[in-house]
Amino acid sequence: ELPQISSSSTSSSLDNKGISPYFTRTVPTNVGDAKAIAIYLGDYLKVAYLGVIYIRDSFGVAYFEKLREESKKRKRLFRIVPASYEDGNDESITAAISRLQK
C-alpha cells in the first residue's frame, strides 16, 4: 500500500484503480492531448486525412484509439490511417511507413 505519484506518466491505462489503486499523477492523461490534437486538426486546420504512426504498446494504442474517437466528434470528420510498429523492430517501422505511403 505504497502511494505512487508521477510527474510524467500520461497513459490513461494507469487510471484503472483495480490495477493501480495507489497511483496518481500531477499531469493530465494522454486523453486530453488526443482531444486537443483532434480539435486543432479537424476544426482549425480542416485536415481530410491523417496518417498516424504509433508504437504498439499500451500507451501508443490507447493514444491512437482516443485520437480516432475524438476525430469522429469533430465538426469536420477526418479520416485517420493507422500504422503501428513494434518497439525496436526496424522491419516493423519500415512496414508502418510503407502502409502510409500507399
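Is Lys 66 buried or exposed, and what is its relative accessibility? At 15% relative accessibility, Lys 66 counts as buried, where buried denotes under 20% relative accessible area, exposed over 50%, and partly exposed the range in between (1.4 Å probe, protein chains only). The coordinates are those of a predicted model, in which local features need pLDDT of at least 70 and side-chain atom pairs count only at pLDDT 80 or more, whereas totals for chains, interfaces and linings use all residues. Residues are numbered from 1 along each chain as its sequence is written, and side-chain values use heavy atoms, with hydrogens and water left out.

The chain has 3 helices and 4 strands, assigned as DSSP runs (helices H or I, at least four residues; strands E, at least two) and numbered from the N terminus. Along the sequence these elements follow the pattern β-β-α-β-α-β-α. Taken along the principal axes, the C-alpha atoms fill a box of roughly 50 × 35 × 20 Å. Of the 102 residues in the chain, 31% are buried, and the accessible surface comes to about 6,800 Å², of which 54% belongs to carbon and sulfur atoms; accessible areas come from the Shrake-Rupley method with a 1.4 Å probe, and for residues only the protein chains shown count as cover. Among contacts (heavy atoms within 4.5 Å) with a separation of 6 or more, residues 24 or more positions apart account for 50%.

Lys 66 itself lies in helix α2 and, when residues up to four places away in sequence are not counted, touches Val 31 and Ala 34. The structure holds 3 aromatic pairs, and Phe 59 and Tyr 63 form one that is stacked, at 5.9 Å centre to centre and with 25° between the planes. For this description, rings of Phe, Tyr and Trp (its six-membered ring) pair if their centres lie within 6.5 Å, and planes under 30 degrees apart count as stacked, over 60 as edge-to-face and the rest as tilted. Phe 59 is partly exposed, with a relative accessible area of 35%, whereas Tyr 63 counts as buried at 19%.

Val 52, in strand β3, likewise counts as buried, with 13% relative accessibility. Leaving aside neighbours within four places in sequence, Val 52 is in contact with Phe 64, Leu 67, Ile 80, Val 81, Pro 82, Ala 83 and Leu 100. The C-alpha atoms of Val 52 and Ala 96 are separated by 9.3 Å, although the two residues are 44 residues apart along the chain.

Arg 25 lies in strand β2 (residues 23-25) and is buried, with a relative accessible area of 16%. The side chain of Arg 25 reaches the backbone oxygen of Ser 9 at 2.8 Å. When neighbours within four places in sequence are left aside, the residues in contact with Arg 25 are Ser 6, Ser 9, Thr 10, Ser 11, Leu 14 and Asp 15.

The loop between α1 (30-44) and β3 (49-55) includes Leu 45, which is partly exposed with a relative accessible area of 46%. Together with Tyr 40 and Tyr 44, Leu 45 forms a nonpolar patch on the surface, with about 380 Å² of accessible area in total. Patches are made of residues with over 30% relative accessible area and no salt bridge, like charges being joined within 9 Å and nonpolar side chains (Val, Leu, Ile, Met, Phe, Trp, Tyr) within 5 Å; a salt bridge is a side-chain nitrogen of Lys or Arg within 4 Å of a carboxyl oxygen of Asp or Glu. Lys 46 lies in the loop between α1 and β3 as well and is partly exposed, with a relative accessible area of 45%. Most residues other than glycine have a negative phi. Phi of Lys 46, by contrast, is near 55°, a positive value in a residue other than glycine.

Methods:
A polar contact is a pair of N or O atoms within 3.5 Å; within protein, one must be able to donate a hydrogen and the other to accept it, and residues adjacent in sequence count only if both atoms are side-chain atoms.
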